[in-house]
Amino acid sequence: MTLLTTVFAAIISTIVWYKQAPKNEMKVSVLCWMYWGASIMWFVDAIFEYAELHAEYFTPAPADMLNDLYLGLSVVALGLIIWLVYLLIKDPKGVVRASLKKKQI
């Protein structure tokens, strides 16, 4: 479930990035790279887990699936938080800079 969750997040962020590709004002490409990196990590984890469990890999317990779903959603949420912090630091539209200047005056 972690692999599926991050792959879906990577696909959705890639579609959003591709629609805005020439501009990329919101730096969605950073989000894409994070999710694709997480997807590759979970894919490698799945390969090693399959090598260990063989056929049992395809019949997980419902509790394990739920835990994996929560972990996948946590990774997606953490990626969004990192992306938001990155946006606030880079401030591509100058919103934070403008609001700080406005308060100083």
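**View 1. Thr-2 and the residues that Thr-2 touches.** Leaving aside residues up to four places away in sequence, Thr-2 touches Trp-42, Asp-68, Leu-71 and Gly-72 (a contact means heavy atoms within 4.5 Å). Thr-2 sits in helix H1 (helices are DSSP runs of H or I with at least four residues, strands are runs of E with at least two, and both are numbered from the N terminus). With a relative accessible area of 8%, Thr-2 is buried; that label means under 20%, while exposed means over 50% and partly exposed is in between, using a 1.4 Å probe and protein chains only. Keep in mind that this is a predicted model, where local features need pLDDT of at least 70, side-chain atom pairs count only at pLDDT 80 or more, and totals for chains, interfaces and linings use all residues. Residues are numbered from 1 along each chain as its sequence is written, and side-chain values use heavy atoms, with hydrogens and water left out.

**View 2. Lys-27 in the loop between H1 and H2.** Look between helix H1 (2-19) and helix H2 (28-53) for the loop that holds Lys-27. Lys-27 isn't a glycine, yet its phi is positive, at about 55 degrees.

**View 3. His-54 in the loop between H2 and H3.** Here's another loop residue: His-54 lies between H2 and helix H3 (62-90). His-54 has a positive phi of about 60 degrees, again without being a glycine. At a relative accessible area of 48%, His-54 is partly exposed.

**View 4. The whole chain, for context.** Of the 105 residues, 22% count as buried. Take the contacts between residues at least 6 apart in sequence: 73% of them join residues at least 24 apart.
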